Amino acid sequence: MKRTESGKWKWGLLLPLPLLLIASGVCMTVHIFRRCQQVIQQHESHEALLAALEPEAFSLLIYGGLIMAGMCLLVMLCLRLVSRGQREIRELREKNAAMEQLNRQTQALAHHQRLELIGTLTSSIAHEFNNLLTPIMGYSLMALERIPEEDTELYDALVEVYDASRKAKTLISRLSDLSRKNAGEYFREVSPDELVRKALDVAAPAKPEAVELRLSLNCQEQTIHANELQLSQMLLNLILNAFHAMKAAGGILTVETQMEDDAARLRVSDTGCGIPESVLPHIFDPFFTTKQAGEGTGLGLAIVAQVVEEHHGSIHVDSRVGKGTTFTVTLPRSFDPGGQESSNS
């Protein structure tokens, strides 16, 4: 900062110099022209006039040179000041961009820490719920064994209690799985159809009433070598995004699976609001979201892209505003988690 102020002071001190040169040159030039008029009036012969004007012409040349030197120096000073100002503006913009980047990184770190805390709490809460559901299921079975056969009404009620607690236990178990950290040893043979069913079970409470669900599961007993936890999280993010896109007006969610050659294709389609073309290039950027505060973190599709990349697959998005969006994920049937694809034996 001191260096900048010192530089401004030096250039400010030099600025009057060209102005002084120009002013003095103009004044002396005007003076010479007046003297020339007097000389012209005093001399009648051509030879005497030229001899009298010769020193004045030499002085005029000198003072004209002063004017030109002053103007050149003034232009150089102005260009220097403009260049310096532009450089300072550019430096300020770079500093501002660096501060914004640092602020974004700080916010991202804080958000990541909050997500880790939520994951830890989810795992703890799931464990506690599991401990509560275990005795409910156990005592329900014990009660069912002791109820007389003729008491069908109470028997059916206890069966409902047992089935509800079993479904809750399954749901809590899947939530607990999603909160685990992923590692290479989790890669195993996974059924795409079963993945879709499990993801829909977890997402069922978030489904709007006006949304119709359609399934087209065509992988049957075929499997792919994959990380089940990661793919479950990927499908869950795509399904929840589709629910959000159709929350206002309703629509149809279609989930398809298909095995083609050595790859599995998962397709999640909705008839929601669609994605504008200006937004499409950024949908996989971390922390980018068009949702209102509290409705999204901007990490869902970033996680989807990361999972697809880790499985050496590809993802394609087809969206039209007002018509809906389709995400098509293609995953190799088998590959080496260390980085190389391998053929399925």
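**Helix packing and the nonpolar core**

In the contact between α6 and α7, residues Gln230, Leu231, Gln233, Met234, Asn237, Leu238 and Asn241 of α6 meet Gly300, Leu301, Ile303, Val304, Val307, Val308 and Glu310 of α7. By class, the residues of this contact comprise eight nonpolar, five polar and one charged. The axes of α6 and α7 come within 9 Å and cross at roughly 145 degrees, and the crossing is left-handed. The model in which this packing is described is a predicted one.

The protein as a whole contains seven helices and seven strands, which run from the N terminus in the order α-α-α-α-β-α-β-β-α-β-β-α-β-β. Of its 345 residues, 28% count as buried. Among contacts with a separation of 6 or more, 72% are accounted for by residues 24 or more positions apart.

Helix α6 also packs against α5, at an angle of about 55 degrees and with the two axes 9 Å apart. At that angle, α5 is oblique to α6. The crossing of these two helices is right-handed. On the α5 side, the contact is formed by Leu195, Val196, Lys198, Ala199, Leu200, Val202 and Ala203; on the α6 side, Glu228, Leu231, Ser232, Leu235, Leu236, Ile239, Leu240 and Phe243 take part. The residues of the contact of α5 with α6 divide into twelve nonpolar, one polar and two charged.

Glutamate 228, which takes part in the contact with α5, is located in helix α6. Its relative accessibility is 14%, below the 20% limit, and glutamate 228 therefore counts as buried. Beyond residues up to four places away in sequence, glutamate 228 touches Tyr186, Arg188, Val190, Leu195 and Lys198; Leu195 and Lys198 are among the α5 residues listed for the helix contact.

The largest nonpolar core has 37 residues, of which Leu231, Met234, Leu235 and Leu253 touch the most other members. At least two residues of this core are supplied by each of α5 (192-203), β3 (224-227), α6 (228-245), β4 (251-260), β5 (263-270), α7 (300-310) and β7 (324-332). The largest share, eight residues, comes from α6. Methionine 234, with residues up to four places away in sequence not counted, touches Leu266, Val304, Val307, Val308 and Val329.

Within α7, the buried residues include Leu301, Ala302, Val304, Val307 and Val308. The elements covering the buried residues of α7 include α6, β6 (314-320) and β7. Val304, Val307 and Val308 are also among the residues touched by methionine 234. After α7 comes histidine 312, whose phi is positive, near 60 degrees.

Arginine 267 is found in strand β5. With a relative accessible area of 22%, arginine 267 is partly exposed. Its contacts, excluding residues up to four places away in sequence, are with Thr254, Val255, Glu256, Thr326, Phe327 and Thr328. Arginine 267 and isoleucine 315 are 48 residues apart in sequence, with a C-alpha to C-alpha distance of 9.6 Å.

Conventions
Residues numbered from 1 in each chain as written. Predicted model: local features only at pLDDT ≥ 70, side-chain atom pairs only at ≥ 80, totals over all residues. Heavy atoms only, no water. Core = buried A, V, L, I, M, F, W, Y, C linked by side-chain atoms within 4.5 Å. Buried < 20%, exposed > 50% of the residue type's maximum accessible area, 1.4 Å probe, protein only. Helix = DSSP H or I, 4+ residues; strand = E, 2+ residues; numbered from the N terminus. Contact = heavy atoms within 4.5 Å. Axes fitted to C-alpha atoms, helices over the stretch in contact; angles between N-to-C directions. Parallel < 35°, antiparallel > 145°, perpendicular 65-115°, else oblique. Left-handed = near helix turned anticlockwise from the far one by under 90°. Nonpolar A, V, L, I, M, F, W, Y, C, P; charged D, E, K, R; others polar.
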